[in-house]
Amino acid sequence: MLEILKSIHLICLLLGGAASLGNAVLMKRVMASGAPPPALVADAMKVQANMGLGAVIVLWLTGLPMAAMTGAFANGGPLFSLKLLAATALLVIVPYMVWMRSQAASGRRPLDVALLARLSLAVRVLVVLVIVLAVLVFH
Ligand code: HEM
């Protein structure tokens, strides 16, 4: 069971990492163009944002039972606590970014592109931090 959960955990890491890097590349070009993105690009960014959200949720859904099975909650130490803290920040930031996009798409409030770019950078830094901490704790 642990092997299955860990495989899903790592596949979601791939999915989330790919989505966040893909969106960062697109966002950089959209910002440089100084114009709203073409519909095709906006749609691709929305799909990637949703992929990232799904990945973070499944990382938690697989991580919690794995932590229970391996005793990581009791024996993971401060590095595991730090990993959980960074993963919690991702669980807040990523849905917030999706919400920002949906608000803009429905015309309720304009998209704060500068804030979105800062949050997107924070997500990439946090993902790298979580991976390094996971390797340090579980290698
Ligand atoms: C949200 C972003 C997350 C990322 C990027 C991430 C990444 C990783 C990586 C790369 C590993 C493999 C480490 C290794 O075997 O050397 C791992 C393992 C693990 N993760 Fe996560 N993780 C995340 C969230 C979580 C959460 C929220 C939990 C628990 C609540 C969790 C619990 C675990 C456990 C218990 C293992 C070790 C499984 C084993 O015994 O091999 N992870 N994680």
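**Iron site and nonpolar core**

A122 sits in helix α5 (residues 113–138); helices are DSSP runs of H or I, at least four residues, numbered from the N terminus. The model is predicted: local features need pLDDT of at least 70, side-chain atom pairs count only at pLDDT 80 or more, and totals for chains, interfaces and linings use all residues. Residues are numbered from 1 along each chain as its sequence is written, and side-chain values use heavy atoms, without hydrogens and water.

**A122**
- A122 is partly exposed, at 27% relative accessible area (buried is under 20%, exposed over 50%, partly exposed in between; 1.4 Å probe, protein chains only).
- A122 and V94 lie 28 residues apart in sequence and 10.0 Å apart in space, C-alpha to C-alpha.

**Iron site**
- H9 (NE2) and K83 (NZ) coordinate the iron atom of the ligand at 1.9 to 2.1 Å.
- H9 belongs to helix α1 (residues 2–33) and K83 to helix α4 (residues 77–105), 74 residues apart.
- H9 is buried, with a relative accessible area of 13%.
- K83 is buried too, at 12%.

**Nonpolar core**
- The largest nonpolar core has 21 residues, and L90, I93, V94, M97 and V123 touch the most other members (a core is a set of buried Ala, Val, Leu, Ile, Met, Phe, Trp, Tyr and Cys residues joined through side-chain atoms within 4.5 Å).
- Helices α1, α2 (39–70), α4 and α5 each give two or more residues to this core.
- The largest share, 8 residues, comes from α4.
- Beyond its neighbours within four places in sequence, M97 contacts L116, L119, S120 and V123 (heavy atoms within 4.5 Å).

Notes
Donors are N, O and S atoms within 2.8 Å of the metal (3.2 Å for Na, K and Ca); water is not among the atoms, so sites may look incomplete.
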